[in-house]
Amino acid sequence: MNGTAFLERETDGVVYQTASVIAARHAFTTRYGGVSKGVYSSLNLGEHRGDAPEAVAENYRRLSAATGIDTARMAFTRQVHGNEVRIAAAEDVHTLGTEIPYTADGLVTAEPGLALICFAADCIPVLLCDAVHGVIGAVHCGWRSSVADILCAAWEQMCSLGARTENICAALGPAIGFCHFEVGGEVVDAVEDYLYGDIDGLVRPADAPEKYYLDLRAANARRLRQLGVPAENIAVSAECTVCSNEKYWSHRYTHGVRGNQAALIVL
């Protein structure tokens with residue numbers, strides 16, 4: 001498992017990261033490089049956070065120019081912290097300002113040129129790629145989606161499109177870190193069930209009574225290994241969205257007043 005495999009890039013002010021394990025064109029965005037103002041400053045990609053629609057549209061245009069990913073031909077997640085993973089097709093291309101007619105916290109596709117995007121502001125954005133068989137995925141892993149085994153659902157959907165487990169690569173992007181993800185015992189119990197008891201090193205006591213710090217990224221990387229994804233195919237960002245709240249939006253740090261960063265990928 002590679003924790004140093006993320007490279008930061010900048011094009012015309014748009015700052016994003018890529019992971020060396022992902023062969024397809026992709027990006028994990030930051031707050032930098034857009035036109036949004038105030039609490040949404042500046043590359044907000046969330047349509048429904050209260051930002052000006054014209055600013056969001058310009059942010060997508062700038063992101064497309066910087067990354068080479070056509071954001072006008074993109075399927076969006078409509079996230080509800082569940083474990084639904086949708087096989088995206090051409091008819092799922094989303095037009096900004098319109099309603100998404102489904103809910104899904106994950107998307108997979110084998111269609112070249114159809115980009116996938118998921119959103120985050122502390123939760124883990126996960127990009128998946130089998131470059132050998134031409135299958136990709138974008139998955140939003142909050143703790144509820146995680147313990148509902150959304151990664152297993154994504155793996156199953158990718159395999160249904162022809163992916164092979166030994167060829168799947170995964171990048172877990174910037175998210176709330178072990179240092180700040182304080183949870184109650186019920187979350188620890190749910191993660192323990194999720195990982196079939198294998199939580200050694202993932203939990204430590206917090207200062208508050210009956211509170212714990214949880215390493216959710218490491219938990220999800222562990223689940224990928226349980227599913228058979230080779231450890232050397234998994235990259236985990238070391239950046240914490242709470243610690244680096246000037247660079248990333250953090251729901252916890254801002255008490256929910258914020259924009260969205262995103263992870264996107266295309267064959």
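A disulfide is taken here as a pair of cysteine sulfur atoms within 2.5 Å. By this criterion, a search of the whole structure returns zero disulfides. The structure is a predicted model, in which local features need pLDDT of at least 70 and side-chain atom pairs count only at pLDDT 80 or more, whereas totals for chains, interfaces and linings use all residues. Residues are numbered from 1 along each chain as its sequence is written, and side-chain values use heavy atoms, with hydrogens and water left out.

Burial is defined by relative accessible area, with buried meaning under 20%, exposed over 50% and partly exposed in between (1.4 Å probe, protein chains only). C129 is buried, with a relative accessible area of 3%, and C141 also counts as buried, at 0% relative accessibility.

Aromatic pairs were then examined, with rings of Phe, Tyr and Trp (its six-membered ring) taken to pair if their centres lie within 6.5 Å, and with planes under 30 degrees apart counted as stacked, over 60 as edge-to-face and the rest as tilted. The search of the whole structure finds three aromatic pairs. In one of them, the ring centres of Y60 and F76 are 5.7 Å apart and the planes stand at 35°, so the pair is tilted. Helices (H or I, at least four residues) and strands (E, at least two) are DSSP runs numbered from the N terminus; in these terms the pair links distant parts of the chain, with Y60 in helix α1 (residues 53-67) and F76 in strand β4 (residues 74-76), 16 residues apart. Y60 counts as buried at 2% relative accessibility, and F76 does so at 3%. The rings of F76 and F119 have centres 5.6 Å apart and planes at 50°, so this pair is tilted as well. Here strand β4, which holds F76, is linked to strand β7 (residues 115-120), which holds F119, the two residues being 43 residues apart. Both F76 and F119 are buried, and Y60, F76 and F119 form one aromatic cluster.

Rings also take part in arrangements with charged side chains, where a charge sits over a ring if NZ of Lys or CZ of Arg is within 6 Å of the ring centre and within 35 degrees of the ring normal. The charged end of R86 sits over the ring of Y102, 4.2 Å from its centre, and that of R204 sits over the ring of F178, 4.2 Å from the centre of that ring.

Helix α5 is mostly covered, nine of its 11 residues being buried; among them are L216, R217, N220 and L224. The helix is followed by G228, which has a positive phi near 110°. N233 lies in the loop between α5 (216-226) and β14 (234-236) and counts as buried at 13% relative accessibility. With contact meaning heavy atoms within 4.5 Å, and leaving aside neighbours within four places in sequence, N233 is in contact with V21, E166, N167, I168, C169 and A170. The side chain of N233 reaches the backbone oxygen of E166 at 3.3 Å.

Notes: Polar contact = N/O pair within 3.5 Å; in protein donor to acceptor, adjacent residues only side chain to side chain.
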